[in-house]
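Please read this note with the structure open beside it.

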Amino acid sequence: MSAPSPGSPTQPRRSALKADGDSERTPPLSASVKAPVEESQAQQPPAHHRHRLDVLTERLLAQVGDWLEREKAKKEKKKSQGHSIRRRSPPNHVSIPVPVPGRQRSASIESDSSEVSLDRLQRILDDSMTTLGLNSTPSFGPRLGRKHRKRSSRNLSRVASSDTEWFEGDVLVPTCDAVLDNSKTLSYTGGKAGAEESPSGSSRKEEKEKQNWIVFKNEIIRLAHTLRLKGWRRVPLDSGESVSVERLSGALTNAVYVVSPPSPSLLPQEPGKKQPTKVLLRVYGPQVEHLIDRETELGVLRRLARKKIGPRLLGTFLNGRFEQYLNATALTPSSMREPETSKQIAKRMRELHQGVELLEEEKDQGPGVWKNWDKWLVQVEKTVLYLDKQLASKSRNLPGGVWKTRGLVCGVEWPVFKALVEKYRRHLEVYYGDAKEIRRKLVFAHNDTQYGNILRVRPDDQKSPLLQPANEHKQLVVIDFEYAGANTPGLEFANHFSEWTYNYHDAVRPFACDTSRYPTPDQQLRFLKAYVGHRPKFSHAEPSPAITPAGGAGPAHINQGIMQAQTQAQGGVGMHNTPSTSSIVEFMLDARVPAGGWKEEERKREEDAERMIKRLMEETRLWRVANSAQWVAWGIVQAKIPGLDTGTGAAGGQQQQQQQDEGAEGEEEFDYLSYAQERAYFFLGDCVLMGLVKAEELGEGVMGHLKMVNY
C-alpha cells in the first residue's frame, strides 16, 4: 500500500489507511455449556432456545465421550508399555542415581484411583444421556485431523473477524489489560527498521528519539505476543530494531501506525509456521473519552465482522487495537468527486444501510447525531463559555488559531447557538409528526464518510472477482466506524456531501469548509440514483423499510418494484400470472406479462424511483443542519485549551501535556477550533435558509461569514 506522505502532520486525524493480513482461524475445540435442569413446563425457555440448548448439550456430551474414549485408550496403552518395561531388568553397568535429599517428590495418582475417576465420569455421562433421552453418546462427526482442520478453518474464516477463535458465528477477539505509551513516538519519521543505527555525528536529541522508537516497537512486539497475533510470536521479544513502524497522517481522533514484520532474511520461512504480516495499530487519543464509547465501537466492529464489512479486528488493549492491514489506498478530495467513484460509494452505502440490522435499543435511542450531541453537550458548553469569556476579556490564555481573528468560536454567543439547535430539533419533531416516524426511517449508518475513510483495494490477482464490472464498487472499503450507528439516510448523505467541501491535506487551511465545492444538484442526483437503483445481494435480502418512500406508495413499494424488475427480466418470481383453469397457460409467454404491459410496469418503476430520490434529496437538506451541529461540537471537544480543566483528572492531564511537550516537537496541531467555527457558519447559514433565524438577528459581524448552500 502506498502510504500518504508523512510530511503533512497538520491533517485531521479522523481517518487512516489499513491493510492486508488474511490468516486462517481455528475454531475452539470445546465450549463450556451448562446442562439443562429439569423444571416445570412453565419455567422452560422458548422452543427455539430449548433446541439450541439441546444441541449444545449434545455437543458437550459428544466431546466428553470422545475425550473419555481417548483417555481409556491411552490408559490401556500405558499399561501394556508398563508391563514390557518391568520385564526388563537394567544392565549391571548402568548406575541408577540416588535422589538427593531435599523437597519430597509429590506422590503421583495411582492407576486404580485414575480408573475410578474415569468410571465416575462415565456414569455421569450415562446419567446425562438418560435424562436427555439418548440411547448412545451423540456424535458430531469424526475428530478432525490436522489436514481436515485446516480446510475447515479456511471455510469458517469467511465469517470471522479475528485471527484467533470463533464460537457460534461470533468472533472472539483477544484482549488484554495493557496500555501502550506512544507519547514519545508521535512524529511521522523515525520508526523504520534499523533506525537504531544512527550516523556518526547525530545529535543527542536524534539519539534519544531513535531509542524512544525502539522501546515503542519492543512494546508493540510484546503486545502482539500477548494477543497471539498470527505469525507474530515468531518475532523475538526485544527485537524492535528489526521491525518497521510508520505513523500515518490523516487521522483525527487516533494515532495510527502500520507495523511491518522483520524482513525474510531476518525471519526466514519455517515449514508449518505462518509468517507474520503487516498489521494496523491504532492508539486512541488522550481526549476521546468525551467523544467515543469504545465498548460500543468494539460491539459494532464485531457485528460488522459477521457481515464481512471493513477490516478485521485482530486484538484489543486498553488504549488501542490491532486491525487487518489492507493493500489499499485512500481516496482523495478529487477522486471522491469522480462520477464513477461517486456512484460506487453510493452502492456501498446502500449495502451498508441494508446489510446491517439495527438493534432495537439503537432504534429506541433515536438518531445517533442527537445521541452524540447530548453526550458531548456538557463538555462543549463548558469549553465554549470559557473561550467566550477569555475572548471578551482579551486574555492571552487562549489557544492559537485562525478562529480568534473572526470572533466567537460558534460564530455567536453560546446561548444563542444552543437555542438554535433546540429550535431546530423542535422543527424536526413537527416535520415528522412524532418520534415513531423518525424511528421507522433509521438505518445503520457510517456517519463519517470523508475521503480518508474510504479505501480502494488493489487486487493482487488479475483474475480477482473485484475486477469484474459488476463488482468494481466492492473495491471500495469503508473504515473507521467510531461514529457508526442509527441515523436517517438523509443525514448520512448530508455528511458525505459536506465532506466534499474539505481538503484535510491542504497545506494552508486544512480546517476550511469550502462550500463552493458542495455537490451540485446534478451531482447529488447522480449519487442518489445510484443508491436507489442498486439492489444489494444478501442471503437475507429483506428490503429495509427505512429507505422506502413515504406516502401513498406504501412502506415497501419501491423496493418491491425494483426487485420485481430484476426477476421479471429473468422470467422468475415476481411476474404477474394470469389466472387460468388450464395448466398450459402457465407455459405461454403472454400469461406472464405484467398487468398493463411491460411499458406500464417500467413507467411505474421509474415514477417510484423518482419519488424516492426526491424524498431523499429533501431529507438530505433537512438533516444537514444536525450534521453540522454535531461536527461543531466534535471540534470543540477535540481542541486542547490551556488553563481549562477538561475533567480528565490529574493522570489524564499529565498524559496530554506529555504528548504535547515530548511527542510532537515541531508538529503543528490541527486547528480544531477553526474547524468548529467554519462548520458553525455553515450551520448558521442553513438555519437562515430554513427560516429558523434571520441573518440580521445574528449581527453584522456574522452575516459576512455565513456559508449558504441553497440546494
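**Notes on the predicted model**

1. An open sheet of 5 strands has the order β3-β4-β5-β7-β6, and its pairing is antiparallel. Strands β3 (244-248) and β6 (313-317) are at the edges; each has a single partner strand, so one side of each is left without a neighbour in the sheet. From one strand to the next, the twist averages 20°. Two strands count as paired if DSSP finds at least two bridges between them. Strands (E, at least two residues) and helices (H or I, at least four) are DSSP runs, numbered from the N terminus.

2. This is a predicted model, in which local features need pLDDT of at least 70 and side-chain atom pairs count only at pLDDT 80 or more, while totals for chains, interfaces and linings use all residues. Residues are numbered from 1 along each chain as its sequence is written, and side-chain values use heavy atoms, with hydrogens and water left out.

3. As a general point, strands of a sheet pair through backbone hydrogen bonds, either parallel or antiparallel. Here β6 and β7 (residues 320-324) run antiparallel and are joined by 4 bridges. The two strands form a hairpin with 2 residues between them. Phe 317 has Gly 320 in β7 as its bridge partner, and Leu 313 has Glu 323.

4. On its other pairing, β7 is joined to β5 by 5 bridges, again antiparallel. Arg 282 has Arg 321 of β7 as its bridge partner. How many residues of β7 are buried? The count is 5 of the 5, so β7 is largely enclosed by the rest of the structure. Buried means under 20% relative accessible area, exposed means over 50%, and partly exposed is in between (1.4 Å probe, protein chains only).

5. Helix α4 (residues 204-226) lies across β3, β4 (254-260), β5 (279-284), β6 and β7, and runs at about 100° to β3. Helix α5 lies across β4, β5, β6 and β7, at about 15° to β7. These angles run from 0 to 180 degrees between N-to-C directions, and the axes are lines fitted to C-alpha atoms, for helices over the stretch in contact. Contact means heavy atoms within 4.5 Å.

6. Does the length of α5 agree or disagree with what 1.5 Å a residue should give? The 13 residues of α5 (residues 294-306) should span 18 Å, and the end C-alpha atoms are 19 Å apart, which agrees. The expected span is 1.5 Å times one less than the number of residues. Buried residues in α5 include Leu 298, Val 300, Leu 301 and Leu 304, and also Arg 294, Glu 297 and Arg 303. After the helix comes Lys 308, whose phi is positive, near 60°.

7. A second open sheet has 3 strands in the order β8-β10-β11, with antiparallel pairing. Its edge strands are β8 (328-330) and β11 (476-478), each of which pairs on one side only. The twist averages 35° from one strand to the next. Helix α6 (residues 339-355) packs on this sheet, touching β10 and β11, and its direction makes about 50° with that of β11. Strand β10 (residues 454-457) is joined to β8 by 3 bridges, and Thr 329 stands opposite Arg 456 in β10.

8. Glu 351 is found in helix α6. Is Glu 351 buried or exposed? With a relative accessible area of 11%, Glu 351 is buried. The Glu 351 side chain makes a polar contact with the side chain of His 534 (2.9 Å). A polar contact is a pair of N or O atoms within 3.5 Å; within protein, one must be able to donate a hydrogen and the other to accept it, and residues adjacent in sequence count only if both atoms are side-chain atoms.

9. The largest nonpolar core has 99 residues, and those with the most contacts inside it are Phe 417, Trp 623 and Leu 684. Helix α14 (residues 598-638) gives the largest share of this core, 14 residues. Another core, of 25 residues, lies apart from it, with Leu 186 and Ile 221 among them. A nonpolar core is a set of buried Ala, Val, Leu, Ile, Met, Phe, Trp, Tyr and Cys residues joined through side-chain atoms within 4.5 Å.

10. Overall, the protein has 18 helices and 12 strands, and 46% of its 711 residues count as buried.
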